[in-house]
Amino acid sequence: MKLQTILAAALATSVVAGPVVAQDRDGWPDNFTVGTASQGGTYFAYGSGWANFVAENLGVSGGAEITGGPVQNMALVHTGDLKFGLTTMGPARESRDGESPLAPGMKMDNVCAMFPMYETPFSITALSSSGIASISDIPDGATIGFGPAGSTSDTYFPRMMEALGVDFKRRNGSWSDLGGQLQDGLIDVVAFAAGIPIPAVSQLEVQTDVNIIGMNDEEAKKVIDNFPVSEFIIPASTYQSLEEPSRVVSMWNFAMVNCDMPESFVYEITKLTMENNDKMVSIHKAARHSIPENYTKNNVLPWHPGAARWFNENGYTIEASAIKQ
């Protein structure tokens with residue numbers, strides 16, 4: 001009798017479990033794509049690794065798409081052309097306010113926050129042979145690579161350089177392409193905005209001698225006073241070329257999702273990501289900051305109900321007013 005009771009209970013449990021799983025997956029897509037940025041940058045490495053991690057664990061085919069970065073990702077996720085994307089808070093705010101350079105006047109309000117990623121430092125790299133060891137060393141008329149058109153770097157770094165009195169010519173391209181141009185002497189400086197370590201910088205310093213340039217007190221204060229950034233210290237251990245920590249500025253990144261995606265799907269993705277930081281760090285070291293405690297860094301995007309449910313269940317309070325209705 002005892003064995004029969006156990007078997008009956010197990011059968012009952014399996015019968016109940018079936019419909020629950022089916023119900024939880026109601027409306028889930030057959031596949032998904034996350035908008036990242038150019039190859040050679042942190043977004044692509046982080047995003048493609050994360051998409052594979054989600055796909056393997058949730059049984060939904062997923063992958064990454066090369067894009068122009070945060071500004072374009074906001075537009076693609078808002079329209080539903082992509083269901084997921086990576087963005088920084090500055091471009092996210094401008095896009096929500098209808099000030100995106102890609103679609104002026106369009107308020108991209110169908111984009112929801114999912115989880116914190118990491119801070120994007122704004123740092124400058126030049127060949128050591130150029131003699132450029134500080135921002136003030138950049139000669140008038142220097143050609144500066146600002147990354148893909150519409151990227152976080154391309155949106156903010158030129159304005160920062162102008163505020164600091166740098167006279168320059170602008171060049172766009174993927175991070176890996178600009179790194180190659182720098183090494184070949186075709187441009188003078190690359191102004192990177194990406195999570196550290198940046199693959200293109202790591203590759204550069206293996207092949208040649210580079211200077212990774214920070215900001216002095218006056219430069220940092222001027223930029224922080226005029227842009228949506230905060231002070232950031234790049235640890236000396238990040239790159240072989242750094243002999244001491246480098247002070248720069250940074251902007252937070254968040255993973256985002258089209259607000260119409262099923263709550264249960266977004267909940268499971270958030271749960272998987274936030275509860276397995278060791279796996280995320282194995283994808284990219286910048287993910288050491290992809291932890292629940294950093295959810296407070298989002299003051300721009302409404303939270304997706306599925307993501308908010310996980311945070312609230314785990315003691316990270318998100319008020320109802322901050323959740324997409």
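Biologist: Is H9 largely enclosed or largely open, and how many of its residues are buried?

Modeller: This is a predicted model, where local features need pLDDT of at least 70, side-chain atom pairs count only at pLDDT 80 or more, and totals for chains, interfaces and linings use all residues. Residues are numbered from 1 along each chain as its sequence is written, and side-chain values use heavy atoms, with hydrogens and water left out. Buried means under 20% relative accessible area with a 1.4 Å probe, protein chains only. H9 is largely enclosed by the rest of the structure, because the buried count among its twelve residues is nine.

Biologist: What span should H9 have, and how far apart are its end C-alpha atoms?

Modeller: Helices are DSSP runs (H or I, at least four residues), numbered from the N terminus. The expected span is 1.5 Å times one less than the number of residues. For H9, residues 263-274, that gives 16 Å, and the end C-alpha atoms agree at 16 Å.

Biologist: Which residues of H7 are buried, and why do they lie on the same side?

Modeller: H7 covers residues 199-207, and its buried residues are Ala200, Val201, Leu204 and Glu205. They share a side of H7 because their arc around the axis, taken from the directions from the axis to the C-beta atoms, is only 130 degrees.

Biologist: Which elements do the buried residues of H7 pack against?

Modeller: Strands are DSSP runs of E, at least two residues. Contact means heavy atoms within 4.5 Å. The partners are helix H6 (175-183) and the strands S4 (111-127), S7 (189-193) and S8 (210-213).

Biologist: At what angle do H4 and H5 cross?

Modeller: Axes are lines fitted to C-alpha atoms over the stretch in contact, with angles from 0 to 180 degrees between N-to-C directions. H4 (residues 89-96) and H5 (residues 152-163) have axes that come within 9 Å. They are therefore roughly perpendicular, a term for 65 to 115 degrees. The crossing angle is roughly 95 degrees.

Biologist: Which residues make that contact?

Modeller: H4 supplies Gly90, Pro91 and Glu94. H5 supplies Thr152, Thr155, Tyr156 and Arg159.

Biologist: Is Ala307 buried or exposed, and what does it contact beyond its sequence neighbours?

Modeller: Ala307 belongs to H11, residues 305-313. Its relative accessibility is 0%, so Ala307 counts as buried. Leaving aside neighbours within four places in sequence, its contacts are Ala113, Met114, Val266 and Thr270.

Technical notes:
Parallel < 35°, antiparallel > 145°, perpendicular 65-115°, else oblique. Buried < 20%, exposed > 50% of the residue type's maximum accessible area, 1.4 Å probe, protein only.
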